[in-house]
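Hello,

Here is the structure I promised to hand over. Please open it first, then read my notes below.

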Amino acid sequence: MSLFKKLPKNQKVIENHEKIENIANTLVRSFDSIMGTIGLGGRKGNYDDYNYQFFGGEKDGLRKKHYDKSLKLLWKAQEHAPWSSFDDCTNGEVELIQLAKSSFNEEEKKEYQRISNSDYKDFLKKTYSLDERKAIANILALIGHGEAYAWMVSTEILNEVKSTGGRAALTAQVLEEAKHFVVLREIVRAFDVEIPRLSAWEYVLLERGFKSKGLEKFFAMNVVVEGFALNLFGMLSHLPGLEILRLFHLDESRHTALPTNYFKEFPMSFWEKHSPIRRIRRFSLILPALPVFVQIESDLAEIGVDGMEFGGSMARKVANLADKVGFHFPMSKDQFASLINLIFNAYCKTTREGHEHRDFMKSETTKGKKELAVEKEVFRFKTA
Ligand SMILES: [Fe+2]
Ligand SMILES: [Fe+2]
């Protein structure tokens with residue numbers, strides 16, 4: 001027996017509608033197809049409704065490596081930065097945290113006390129001098145503004161990628177960039193110092209990255225900006241009060257691996273990889289990063305990091321990743337390394353007393369064993 005009391009249907013209406021809809025369907029789709037072919041628009045939705053999937057197929061591999069993994073590793077600000085204004089844990093998670101707290105040993109209790117200190121600002125003030133706080137805030141703001149662009153760019157790439165798996169992967173990234181931006185902003189603000197705007201160099205780099213055509217955005221964002229972020233989080237996550245950056249570091253490692261995994265499914269053409277115009281554009285896109293290292297050199301010096309070592313460490317990772325993905329430069333990886341070394345050493349010769357030539361491309365500013373292991377996984381090369 002049926003669950004429902006059936007109502008009468010008009011078979012004629014059903015048949016007529018079916019005929020009319022079939023004609024309308026042929027018309028609208030043909031019209032869009034012609035418009036698309038002659039480059040005057042056409043269908044915007046990159047969606048294959050006949051097969052209930054996005055164009056490009058399912059690509060479950062991409063979904064599992066990025067979307068599923070992101071959700072598995074999804075972290076909540078309320079748990080890791082209890083001092084913040086975030087209230088993003090479920091009731092079950094709050095209960096679990098309470099339960100875990102009761103089984104903390106002395107060391108864990110102290111650690112938790114520190115990050116849950118309702119006055120996180122006081123903790124930062126006690127731990128760091130004003131100059132150190134200014135320096136760390138300047139360095140963090142640099143990537144804080146980058147997170148805003150990462151959020152905007154990933155939202156756009158979301159509509160450029162093919163396949164259901166590819167879109168799921170990008171959707172997870174958009175969510176994580178949103179979280180990075182809002183959580184990092186609270187951390188930077190807690191340092192209680194003036195937060196700098198984007199410098200001209202960062203402005204040019206990020207704007208040009210955002211304006212990159214199609215999947216070249218993967219180069220600007222997932223390789224350059226996120227490579228920068230990965231290096232930066234890896235350098236700071238061991239500092240007291242900044243342990244949460246380990247979680248940012250893990251997320252960014254997944255984002256930097258995304259182009260490699262995506263292009264395994266949808267390889268770039270030879271022309272896309274090697275076109276001289278693209279090679280030059282990629283190279284010109286990273287040029288504004290060079291003055292950024294000069295810009296943050298004094299802030300890095302304040303926390304005991306050599307700006308050029310940081311630059312070399314980052315340049316090596318970005319160059320390796322770009323090469324691995326197939327985003328080639330106008331010169332080989334080795335020539336690129338020599339050029340960066342030449343520029344950095346020339347700069348140091350004029351600004352540092354008694355400077356002797358060094359191979360900055362071999363430096364490693366990422367601290368923490370876990371972070372180094374994560375980076376090894378992403379870049380699949382020895383991190384010096
Ligand atoms: Fe991010
Ligand atoms: Fe990211």
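Of the 384 residues in the chain, 34% are buried. Keep in mind that this is a predicted model. The chain has 18 helices and 2 strands. Its C-alpha atoms fill a box of roughly 90 × 60 × 35 Å along the principal axes. Look at contacts with a separation of 6 or more: 72% of them join residues 24 or more positions apart.

Next, the core. The largest nonpolar core holds 78 residues. Leu140 and Val223 have the most contacts inside it. Helix α10, residues 216-236, gives the most to this core, with 14 residues.

What does Val223 touch, leaving aside residues up to four places away in sequence? The list is Phe218, Thr256, Pro259, Val318, Leu321, Ala322, Val325 and Phe327.

Now a helix pair. Two packed helices are described by the angle between their axes and the distance between the axes. For helix α16 (residues 307-325) and helix α17 (residues 333-351), the axes come within 11 Å and cross at roughly 165°. That angle is over 145°, so α16 and α17 are roughly antiparallel to each other. The crossing of α16 past α17 is right-handed.

Which residues meet there? From α16 come Met308, Gly311, Gly312, Ala315, Arg316, Ala319 and Asp323. From α17 come Lys333, Phe336, Ala337, Ile340, Phe344 and Cys348. By type, the residues of this contact divide into 8 nonpolar, 2 polar and 3 charged.

Best wishes

How values were computed:
Residues are numbered from 1 along each chain as its sequence is written. Chains are lettered from A and ligands numbered from 1 in the order in which they are written. This is a predicted model: local features need pLDDT of at least 70, side-chain atom pairs count only at pLDDT 80 or more; totals for chains, interfaces and linings use all residues. Helices (H or I, at least four residues) and strands (E, at least two) are DSSP runs, numbered from the N terminus. A residue is buried if 20 or more other C-beta atoms lie within 10 Å of its own, exposed if 12 or fewer, and partly exposed in between; C-beta atoms are placed from the backbone. Two residues are in contact if their C-beta atoms, placed from the backbone, lie within 7 Å. A nonpolar core is a set of buried Ala, Val, Leu, Ile, Met, Phe, Trp, Tyr and Cys residues joined through C-beta atoms within 7 Å. Axes are lines fitted to C-alpha atoms, for helices over the stretch in contact, and angles run from 0 to 180 degrees between N-to-C directions. Angles under 35 degrees count as roughly parallel, over 145 as roughly antiparallel, 65 to 115 as roughly perpendicular and the rest as oblique. A crossing is left-handed if the near helix is turned anticlockwise from the far one by less than a right angle, and right-handed if clockwise. Ala, Val, Leu, Ile, Met, Phe, Trp, Tyr, Cys and Pro count as nonpolar, Asp, Glu, Lys and Arg as charged, and the others, Gly among them, as polar.
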